[in-house]
Every structure is written in C-alpha cells, then in structure tokens.
Amino acid sequence: MKRLRFNQQEIVFAVFAVLFLAFSIFLRGFLTPENMLTLLQNVAVLGILGLAMAIVVIGRGIDISLIAALAVPPGLVLQMVQNGHSLPTALVTAVLLTIAFGLVNGWLIAYAEVPSLFATLATGLLLAGLGQAALFQLDVVQWSDGMKGFERLGQGTISGIPTSIVMFAIACVVVAFLLRQTRWGAYIYAIGDNPYAARVTGIPSRPIIVLQYVVAALIGCFAGLVMAASVNSMPTRIFNSTLIYDVILVVVLGGIGLSGGRGGVLNVIIGTLLIGTMLNGMTIMDISYAGQNLVKGVVLLLAVITDSFLNPRNEETAQQGDI
C-alpha cells in the first residue's frame, strides 16, 4: 500500500481549517459579519506584505525594512495632501521615494555585499527615523479632504467582495505572473537555489537582486496605501510593532523555505489565512499583547526549526546570499 504523504502547505491549510472551525463553534463573536470584515481587511494587508517578503526570501534574502516601506511613503502621501499638494503629486513622490529606498537596499546587498538582514534592518530604521523626524507632523497622519475617493482602495465592496481582498487578489495575480511567467522570476528561483551556479550560467545576479528589493518595497508601499485607505489614517509608529514577525510567520509557515529557491503565491495565501485567523482569535479572546507575542514567538521558532529540516542548506549553496 502507498503511504500518504502531505507537504507543508497541505498541513498548514488543514490546521487553518480546523482552527477556523473551532473558533467558529466555540469563540463567541468570531463568526459575526463585523469580525469577518475586520479579519478580511487585516488578512489583506498581511497577505500583500507576505507577497513582498516571498519575492525576497525565494531569492535567498530577507527584508526587515518592509514595515518602513508600508508606513513612510503612504504616510507621506497623506501628509503632502494635508499640506495642500495634489494627490497625484503626492503619489508620484511616494513612489519615487519607495523606488529609491528599494535601490539602496538592493545596492547594499548585491554590490556592497552586506547581509540582507543587517542591510534592511539599518535602512528600515533610517527611513522610519526620517519620517518621524522630518516628514510627519504627528505620529498618526490623518485623512484629509484632498484624499476624497481614494478611500475606495481599502473600503467598500466590489461585487460583494471587500475591496481590500480584491487588492490582495490583484497583487497575488501580478506576483504569480512575475514569478512564474517572466524571465526575471525564473532568475530569482535560480539565484535562490544556487547563487554560484546562477552566476556561472550567465544570469545577471546583482541587477536581479536589486530589482527584487525595489519590487518588494513597491509592494510594501501598496500594502500601506490599502491599509491607510481602510482606516482613513496612517499610524506611522506601526514600524515599532511586531508586524514584521507576522509577515515572516506567513512566509515560513506557508512553506517558502528560508534557504531560497522554493515556494510561491499559494504558500503566501495559505500562511496568511492561518496567521490572520490565529491573530484574530487571540484578539477576541482578549489575550494580552505580551501573551500574543509569546504565542507568535513559539510558533515562529517551531516554523523555523521545521523549515531547517524540510529545506536544509548544504555547504555548496550556503556560502553566498545568507540572510
């Protein structure tokens, strides 16, 4: 008889299904329309950030600065409009800032050969500090009349589906196309699988790595715009939260190996469903912030240990591109 074997994403999806069912039956207030809307909005932003992180992790890197890209450029849009600038001007400025930020990340990692963990940690702190010191007047940048109509990016529905979920779906389609249907995507998988072999075969590894971080930063900015439109403000101090650990949880639990070269959009969707449901359930159960961090820390540790067994590195491919 053949033995049944399940891969990581199938196991994680089964855990999500069981958790969702248990919360629906035993947790009062979980299966209400209001909570489902909140869950979907939170899942959308977390999922979009997970897509950005996935692009980097597949290429054997990590981007700790994603939350800065989520908070500062979108916050700059709100601040500029509040100060009297037009919305298109503010959006173009934010996009240019995001591209410059991604280029700095990519150059430090690809050309200066700074490990991605330390490079993105430093640049994230730099961008967040720049925002708080020079760009924003208050920690929470409020919506203004000049943003009228833009809230539809994160509020309302399209054919009965919350707009934020539609934005997540669009991001999934775009990222899936980039990873699976373009030469750039194939190069990312090749670099993540074996950087040395990729370079020997003529793949322009350094420019591809730079482009990875630019695209990741742009996706992070998009997530911030969806988030700001959902709540009609941008709490810029979200950079100081533990959101980046939730994003890493989504990627690792979903089955994208930290060793690079594996995974895709489906892994992000499955990881997002599980983490989003878990966080929502803990909030309804009124578990303290410290308690939630404890649970997330244990889950992340178990996920990383599991990943090290499922996707081990070897000596040949572990010497270049370490996170």
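These notebook entries record what I looked up in a predicted model.

**Overall fold**

I began with the secondary structure and found that the chain has 12 helices and four strands. I then checked the radius of gyration, which is 20 Å, close to the 20 Å that the globule rule gives for 323 residues, so the chain is as compact as a globular protein of that length. The C-alpha trace spans about 60 × 50 × 40 Å along its principal axes. I noted that buried residues make up 52% of the 323 residues. For contacts with a separation of 6 or more, I found that 77% are between residues 24 or more positions apart.

I followed up Leu70 by listing what it touches, leaving out residues up to four places away in sequence. The list holds Val45, Leu49, Gly220, Ala223, Gly224, Met227, Met234, Ile238 and Leu243.

**Largest pocket**

I looked up the largest pocket and recorded a volume of about 610 Å³. Its lining has 24 residues, of which Asn42, Ile238, Leu243, Asp246 and Leu279 are the closest to the centre. The elements that give two or more residues to this lining are helix 2 (33-58), helix 9 (205-231), helix 10 (243-254), helix 11 (265-284) and helix 12 (289-310). Helix 2 gives the largest share, eight residues. By class, I noted 11 nonpolar, 11 polar and two charged residues in the lining of the largest pocket.

**Cavity**

How many cavities of 30 Å³ or more does a search of the whole structure find? I recorded one. About 40 Å³ of space lies in the largest cavity. The residues lining the largest cavity are Ala71, Val72, Ala128, Gly131, Gln132, Phe136, Thr236 and Phe239. Helix 3 (66-82) and helix 5 (116-135) are the elements that give two or more residues to this lining. The largest share, three residues, comes from helix 5. By class, the lining of the largest cavity has five nonpolar, three polar and no charged residues.

**Residues with positive phi**

Arg60 is not a glycine, yet has a positive phi of about 70 degrees. I placed Arg60 in the loop between helix 2 and helix 3. Is Arg60 buried or exposed? Its relative accessibility is 4%, so Arg60 counts as buried, the cut-off being under 20%.

The other entry is Asn232, a residue other than glycine with a positive phi near 60 degrees. I located Asn232 in the loop between helix 9 and strand 4 (233-235).

Definitions and conventions:
Residues numbered from 1 in each chain as written. Predicted model: local features only at pLDDT ≥ 70, side-chain atom pairs only at ≥ 80, totals over all residues. Heavy atoms only, no water. 1 Å grid on protein atoms, 1.4 Å probe; cavity = no way out; pocket = protein on both sides within 12 Å on 5 of 7 lines; lining within 4 Å. Points joined across faces, edges and corners; volume = space filled by probe spheres on them. Nonpolar A, V, L, I, M, F, W, Y, C, P; charged D, E, K, R; others polar. Contact = heavy atoms within 4.5 Å. Rg over C-alpha atoms; globule rule 2.2 N^0.38 Å. Buried < 20%, exposed > 50% of the residue type's maximum accessible area, 1.4 Å probe, protein only.
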